[in-house]
Amino acid sequence: MIKEILTRMLIGGLAVSAFSALGDVFKPKSFGGLFGAAPSIALATLALTVSANGKQYAAIEARSMIAGTVAFFIYASAVSHLMMRYRPPALVVTCALIPIWATVAFGLWAVLLR
Amino acid sequence: MRIDVDWSCLKKTKFHEYAVRFIFGGAITVIAGIIAKKWGPAVGGLFLAFPAIFPASATLIEKHEKQKKQRVGMEGTVRGRKAASMDAAGASIGAIGLLVFAIAVWQLLPAHATWAVLIEASMLWFAAAVMAWQIREHI
């Protein structure tokens, strides 16, 4: 159990850091932002999930990821719109709007995937 | 719009800022695994698209742009927040690529080799994200 947690922590941390660094180096900022929606957590998780639980289990996770992605799109669009219009601090907006992601993701799960 | 690569940006990011990204990324990967174990893969899968690193990245962009303006004697707050907003707009376009990635893995994984599917899905993510970005730039 501890070994699995440490492996996930290491692979997930490295994947997210690598994609974030790629996002930093590209200009303009809107292009660099594409890497904010990179499949970093998915790549780390799915590879480990297949080896532990099999392909069917990982495919079910990928199907649910579709709902999470729709939620991500709405969340990031809302963050961008609010920041462009009202210019609040980035940390406040990005954290305050996380419930939007949760509502849309779990709403879609409840309606379509449960 | 022209796409440029500026490697000097990597030097501007401090060690603790890299550490924050590493910890957030690692933590959400662990949490996604724990949730999948407790409530099943259908719930755990939602967290594969959780914006875990987004607050840290947006804050970092805001801070770096503000510092850049302050070095030339300007206040820089508005510039910093505009840059973070542009980054968020890019992420929302990138989500279209992420959607393509998820659909590709869902459809291809059961019948094909894992590593081949993950590589192909990543290439599809990048192609779809760049295409969506280019369309957005031309509108």
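**View 1. A strand pair joins chain A to chain B.** S1(A) and strand S1 (residues 4–5) of chain B pair in the antiparallel sense over 2 bridges. Strands pair here if DSSP finds at least two bridges between them. A:Phe26 has B:Val5 as its bridge partner in S1(B). Helices (H or I, at least four residues) and strands (E, at least two) are DSSP runs, numbered from the N terminus. This is a predicted model: local features need pLDDT of at least 70, side-chain atom pairs count only at pLDDT 80 or more, and totals for chains, interfaces and linings use all residues. Residues are numbered from 1 along each chain as its sequence is written, while chains are lettered from A and ligands numbered from 1 in the order in which they are written.

**View 2. The side of chain A that touches chain B.** Here 72 residues of chain A are in contact with 73 residues of chain B. Contact requires C-beta atoms, placed from the backbone, to lie within 7 Å. Several elements of chain A each supply at least two residues of this side, among them H1, strand S1 (26–27), H3 and H4. H4(A) gives the largest share, 25 residues. By type, the residues of this side are 46 nonpolar, 18 polar and 8 charged. Ala, Val, Leu, Ile, Met, Phe, Trp, Tyr, Cys and Pro count as nonpolar; Asp, Glu, Lys and Arg as charged; the others, Gly among them, as polar.

**View 3. Helix H3 of chain A and its cover.** H3 (residues 40–53) of chain A has 14 residues. From first C-alpha to last it reaches 20 Å, close to the 20 Å expected at 1.5 Å a residue. That expected span is 1.5 Å times one less than the number of residues. Buried residues of H3(A) include A:Ile41, A:Leu43, A:Leu46 and A:Val50. A buried residue has 20 or more other C-beta atoms within 10 Å of its own, with C-beta atoms placed from the backbone. A:Gly54 follows H3(A), with a positive phi near 95°.

**View 4. Chain B as a whole.** Chain B holds 6 helices and 1 strand. Its pattern along the sequence is β-α-α-α-α-α-α. The radius of gyration of chain B is 18 Å, well over the 14 Å that the globule rule gives for 139 residues, so chain B is more spread out than a compact globule. The radius is taken over C-alpha atoms, and the rule is 2.2 Å times the number of residues to the power 0.38. Of the 139 residues of chain B, 49% count as buried.

Definitions and conventions. A residue is buried if 20 or more other C-beta atoms lie within 10 Å of its own, exposed if 12 or fewer, and partly exposed in between; C-beta atoms are placed from the backbone. Two residues are in contact if their C-beta atoms, placed from the backbone, lie within 7 Å.
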